[in-house]
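Hello,

Here is the structure I promised to pass on. Please look it over before you read my notes.

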Amino acid sequence: MARTKEPKAPKTPKEPGRLKQMYQVFKMTTRYDKKAVWYMLAAFLLPVAASVVLALLIAPGSIIGLILYLISGILGGLLAFLIVLGRRAERAAYGQIAGQPGAVGAVLKSSLRRGWVSSEMPVAVSPKTQDAVYRAVGRGGVVLIGEGPKSRTTRMLEDERRKVSRVLPNVPVHFLFVGPDADSVPLHKIPSSMGKYKRALNKAEIYAVNNRISSLGKNGLPIPKGVDPTKVRAGRPR
């Protein structure tokens, strides 16, 4: 009997290469940020121009010296180009989600700087307006971030500050407002704004404070001492 051929498994789509990924990021960035091209061009040309000037001043008349300096300038320009591309791409990506619920959580998940602990999930949400409050703990203390108009989120932030101050009265609590107001913090500036607060906690205190505050959201009833919850029997029906 002839053997039936088994159907071939569908080929998984091949991931784009590194250069193609960079080109896609470049296209996305320039589509939403028209000035990004000029910033990236300046970042590339400045190191190249500086290397040529240094070659003419330090090694005038030397072709080898000019070539070496020029290569160094091109490599430095490429590095500066990639740094600017990454920052402008991040800014363009945040610009697309600005004003949407959960945008602050996305920033805290992907761009939070070292030394800060947070969660992409809000600690308080208004069911009517979808305004939210996020919390982060770091060397500057506790930062409460309001997502929504300042007129609506101020009261929510004050409620959360009272909860924090009740269990940690000596830890500073700061407010950040991210919303449509003129004085609100843009999404891409949240990490840098959090880094401006004066140092108040060390590394061990950051995690201790975060664990203490995280217990505020747990509504479970305490279990009496000496009782093993895995051996508790249900009461007999009467």
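Below are the notes on fold, pockets and aromatic contacts.

This is a predicted model: local features need pLDDT of at least 70, side-chain atom pairs count only at pLDDT 80 or more, and totals for chains, interfaces and linings use all residues. Residues are numbered from 1 along each chain as its sequence is written, and side-chain values use heavy atoms, with hydrogens and water left out.

**Fold**

The chain has 7 helices and 5 strands. These are DSSP runs, numbered from the N terminus: helices are H or I with at least four residues, strands E with at least two. Along the sequence the order is α-α-α-α-β-β-β-β-α-β-α-α. Of the 238 residues, 29% are buried (under 20% relative accessible area, 1.4 Å probe, protein chains only).

Helix α4 (residues 103-111) has these buried residues: Ala103, Val104, Gly105, Val107, Leu108 and Ser111. They pack against α3 (63-97), β1 (117-118), β3 (132-138), β4 (141-147), β5 (173-178) and α6 (190-194). Contact here means heavy atoms within 4.5 Å.

**Pockets**

A pocket is an open set of points on a 1 Å grid over the protein atoms alone, where a 1.4 Å probe fits, with protein on both sides within 12 Å along at least five of seven lines; lining residues have an atom within 4 Å of a point. Volume is the space filled by probe spheres set on the points, which are joined across faces, edges and corners.

- The largest pocket has a volume of about 220 Å³. It has 17 lining residues, and closest to its centre are Gly99, Glu147, Gly148, Val178 and Gly179. The lining splits into 8 nonpolar, 7 polar and 2 charged.
- The second largest pocket has a volume of about 190 Å³. Among its lining residues are Arg114, Trp116, Arg139, Arg199 and Tyr207. Helix α7 (residues 203-214) gives the most to this lining, with 3 residues.

**Aromatics**

How many aromatic pairs does a search of the whole structure find? It finds 1. Phe175 and Phe177 have ring centres 6.3 Å apart and planes at 85°, so the pair is edge-to-face. The cut-offs are centres within 6.5 Å for a pair and planes over 60 degrees apart for edge-to-face.

Phe177 is buried, at 13% relative accessibility. Lys150 lies over the face of Phe177, 5.1 Å from the ring centre (the test is NZ of Lys within 6 Å of the centre and within 35 degrees of the ring normal).

Best wishes

Notes: Rings of Phe, Tyr and Trp (its six-membered ring) pair if their centres lie within 6.5 Å; planes under 30 degrees apart count as stacked, over 60 as edge-to-face and the rest as tilted. Buried means under 20% relative accessible area, exposed over 50%, partly exposed in between (1.4 Å probe, protein chains only). Ala, Val, Leu, Ile, Met, Phe, Trp, Tyr, Cys and Pro count as nonpolar, Asp, Glu, Lys and Arg as charged, and the others, Gly among them, as polar.
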